[in-house]
Amino acid sequence: MATMFGSGLSNQTGAAIGSLAFPVLGPLGVVAVRQYVAALVLVAVGRPRLRAFTWRQWWPVLLLAVVFGTMNLSLYTAIDRIGLGLAVTLEFLGPLTVALAASRRRLDAGCAVLAAAGVMVLMRPRPSTDYAGLALGLVAACCWASYILLNRLVGQRVPGAQGAAAAACVSALTFLPIGIVVALRHPPTAGAVLCAVTAGVLSSAVPYLADLLTLRSVPPQTFGLFMSVNPVLAALVGRLVLGQTLGAPEWAAIGAVVAANAVSLAPR
């Protein structure tokens, strides 16, 4: 439990610290650095034998790389526009949708309605509503759902963590010229680079290694159930680290999404 909680807290704290570099690097620059850190960690752990991959193994790996980069970019841009708590809550609809799509229980239909009600509250029209930010949060959700399905396929075709490592490596190579352009157009400060690297370590390296350790002793269903706490952690970290406050309707909406996920993953 401590490892799972630490993983979630590390992930959300990393995202919050990374957002501190937005004024200098922008979300694109921060995501580029995060991709580099993720690639270094996953390649060191997975040690992919790229020359041995067949096309049947490569094409889902390449798709996973595209989804991986798009997911992080859309999430961090959403964080920049609508705040950490709301962005992570919308992104969390991805795994929730995957879980509900595989179920035929009436209770899960109720969970879908509850989650949809939460989303409607988050996206209700207001003078300050940032629809682009909300849309990017939903893009991140679609990417996370695709990430889960592609990871499953890659895991079936590529041994160990080689597939995830190869995807992270391809994604980092894709972001390499982007990072160079961002650095040339917006010369980074030492503080901004440190924040971006910290985000990569806390949001990529630490959660990956912690989850790898946790899943050795915790059933996947229990692990998925505990992940429900992430939107709450994101809202709390956003409040404490970034000073982002949420009103009662937003907290109720986050609670609805978290409850829907918890019920859908509860033991049957």
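1. Arg 47 is exposed, with a relative accessible area of 65% (exposed means over 50%, buried under 20%, partly exposed in between, with a 1.4 Å probe and protein chains only). This residue sits in the loop between H2 and H3. Most residues other than glycine have a negative phi. The backbone at Arg 47 can be checked with that in mind.

2. Basis of the note. This is a predicted model, in which local features need pLDDT of at least 70 and side-chain atom pairs count only at pLDDT 80 or more, while totals for chains, interfaces and linings use all residues. Residues are numbered from 1 along each chain as its sequence is written, and side-chain values use heavy atoms, with hydrogens and water left out.

3. Confidence. The average pLDDT (the predictor's confidence in each residue, from 0 to 100) is 86 for the protein, and 94% of the residues score at least 70. Confidence is lowest in helix H10 (residues 220–226), with a mean of 69. It is highest in helix H3 (residues 55–82), at 92.

4. Overall fold. The protein has 12 helices and 0 strands; both kinds of element are DSSP runs numbered from the N terminus, helices being H or I with at least four residues and strands E with at least two. The radius of gyration is 18 Å, close to the 18 Å that the globule rule gives for 268 residues, so the protein is as compact as a globular protein of that length. That radius is taken over C-alpha atoms, and the rule is 2.2 Å times the number of residues to the power 0.38. Along its principal axes the C-alpha trace spans about 50 × 40 × 30 Å.

5. Surface and contacts. Of the 268 residues, 49% count as buried. The accessible surface comes to about 12,600 Å², and carbon and sulfur atoms hold 70% of that area; such areas come from the Shrake-Rupley method with a 1.4 Å probe, and for residues only the protein chains shown count as cover. Among contacts (heavy atoms within 4.5 Å) with a separation of 6 or more, 88% are between residues 24 or more positions apart.

6. Nonpolar cores. A nonpolar core is a set of buried Ala, Val, Leu, Ile, Met, Phe, Trp, Tyr and Cys residues joined through side-chain atoms within 4.5 Å. The largest one has 42 residues, and those touching the most other members are Val 30, Leu 75, Tyr 76, Ile 79, Leu 84, Leu 90 and Leu 93. Helix H2 (residues 22–46) gives this core its largest share, 8 residues. A second, separate core has 22 residues, including Trp 58, Leu 64, Val 158 and Ala 172.

7. Leu 90. This residue belongs to helix H4 (residues 84–91) and counts as buried at 0% relative accessibility. Beyond its neighbours within four places in sequence, Leu 90 is in contact with Ile 82, Val 119, Leu 122, Leu 134, Gly 137, Leu 138 and Ala 141. From Leu 90 to Ala 164 the C-alpha distance is 24 Å, for 74 residues in sequence.

8. Helix H5 and Leu 93. H5 (residues 93–101) is mostly covered, with 7 of its 9 residues buried. The buried ones are Leu 93, Gly 94, Pro 95, Leu 96, Val 98, Ala 99 and Leu 100. Not counting residues up to four places away in sequence, Leu 93 touches Ala 115, Val 119, Leu 138, Ala 141 and Val 257.

9. Leu 25. Helix H2 holds Leu 25, which is buried with a relative accessible area of 9%. Leu 25 and Thr 189 are 164 residues apart in sequence, yet 8.8 Å apart in space, C-alpha to C-alpha. Apart from residues up to four places away, Leu 25 touches Val 30, Val 182, Pro 188, Ala 192, Val 193 and Ala 196.

10. Gln 12, in helix H1 (residues 2–19), is buried with a relative accessible area of 4%. Residues up to four places away aside, Gln 12 touches Leu 84, Val 88, Asn 230, Leu 233, Ala 234 and Val 237. Ser 204 lies in helix H9 (residues 190–214) and counts as buried at 11% relative accessibility. The Ser 204 side chain makes a polar contact of 3.1 Å with the side chain of Arg 34; such a contact is a pair of N or O atoms within 3.5 Å, where within protein one must be able to donate a hydrogen and the other to accept it, and residues adjacent in sequence count only if both atoms are side-chain atoms.
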